[in-house]
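Me: Could we go through the pockets and the ligand of this structure together?

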Amino acid sequence: MTDVTVTLRAIQREIAAAAARCGRDPSAIRLVAVSKKQPLESIRAAIAAGQADFGENYLQEAVVKTAALAGSGAVWHFIGRVQANKTREIATAFDWVQTVDRQRVAIRLNEHRAALPSALNVCIQVRLERDARRPGIDPEQVSELAGQIELLPRLRLRGLMCMPPLTGDPVRQRGFFDTAAALFDSLRRDGLALDTLSMGTTADLATAIAAGSTMVRIGTAVFGPRPLAGP
Ligand SMILES: *Cc1c(COP(=O)(O)O)cnc(C)c1O
């Protein structure tokens with residue numbers, strides 16, 4: 001099994017090196033360890049090694065894990081596709097939902113968060129290519145959705161999240177990240193108090209940081225290949 005103490009340290013070093021190369025402060029980049037399809041023991045080991053933030057995609061799997069690790073101090077980020085009929089469970093089991101891409105889902109998350117004392121942190125998921133099958137909202141619609149979310153008192157809009165298409169072409173890849181960063185900057189110039197630009201995975205961590213990412217979501221490089229079979 002992967003020794004997460006070692007891999008976490010290596011990734012922190014990689015983040016620091018990528019930040020140094022572009023003159024950024026590494027402490028401005030938050031690491032979310034993506035633990036989907038990973039067993040509880042791996043998450044426990046990561047918590048013991050000082051890792052705080054965890055990302056999960058599959059609700060049923062995640063609910064079991066968050067319940068088992070209640071009181072551990074872990075901060076849970078939902079990064080999977082949000083189904084409108086699952087918003088109650090998502091709003092109560094998670095601290096963050098990074099994949100909000102429509103008003104209906106935002107309204108329902110807000111409603112169901114009323115049961116908890118703290119607001120739910122959310123990011124708007126942006127789609128960086130013209131492909132209606134991909135999750136996320138088109139860049140030109142982000143500002144309107146952000147305005148709608150700002151009106152919901154149980155949600156705290158933190159920023160944007162994106163999952164750019166995989167491409168072997170580093171220039172194209174950088175272009176996707178730059179588009180997201182420009183959108184993030186323009187929302188902030190419009191007066192929104194956003195602090196999170198969530199982009200970068202195992203494959204493209206350094207490029208994302210060079211483009212301005214403040215939160216990277218790393219699975220494979222932390223935990224190794226995903227061992228739990230299934231959808
Ligand atoms: C699985 C996943 C990740 C992590 O991907 P790795 O390649 O394992 O680092 C990040 N973001 C999202 C949305 C994911 O689904």
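**Pockets and ligand**

Reply: To start with the lining of the largest pocket, its residues divide into 13 nonpolar, nine polar and eight charged, where Asp, Glu, Lys and Arg count as charged, Ala, Val, Leu, Ile, Met, Phe, Trp, Tyr, Cys and Pro as nonpolar, and the others, Gly among them, as polar. This is a predicted model, in which local features need pLDDT of at least 70 and side-chain atom pairs count only at pLDDT 80 or more, while totals for chains, interfaces and linings use all residues. Residues are numbered from 1 along each chain as its sequence is written, and side-chain values use heavy atoms, with hydrogens and water left out.

Me: How much space lies in the largest pocket?

Reply: About 630 Å³. A pocket here is an open set of points on a 1 Å grid over the protein atoms alone, where a 1.4 Å probe fits, with protein on both sides within 12 Å along at least five of seven lines, and lining residues have an atom within 4 Å of a point.

Me: And which residues are closest to its centre?

Reply: Of the 30 lining residues, those are Lys36, Asn57, Met163, Thr201 and Arg217.

Me: Where does the ligand sit?

Reply: The ligand sits in the largest pocket, meaning that more than half of its atoms lie within 2 Å of the pocket's grid points.

Me: What polar atoms does the protein place by the ligand's oxygen atoms?

Reply: A polar side-chain atom of Thr202 lies 2.5 Å from a ligand oxygen, a polar backbone atom of Gly219 is 2.8 Å from one, and an N or O atom in the side chain of Arg226 is also 2.8 Å from a ligand oxygen.

Me: Switching topic, what lines the second largest pocket?

Reply: That pocket, with about 180 Å³ of space, has a lining that includes Asn57, Tyr58, Phe78 and Arg81. By class, this lining has four nonpolar, four polar and two charged residues.

Terms used: Points joined across faces, edges and corners; volume = space filled by probe spheres on them. Polar contact = N/O pair within 3.5 Å; in protein donor to acceptor, adjacent residues only side chain to side chain.
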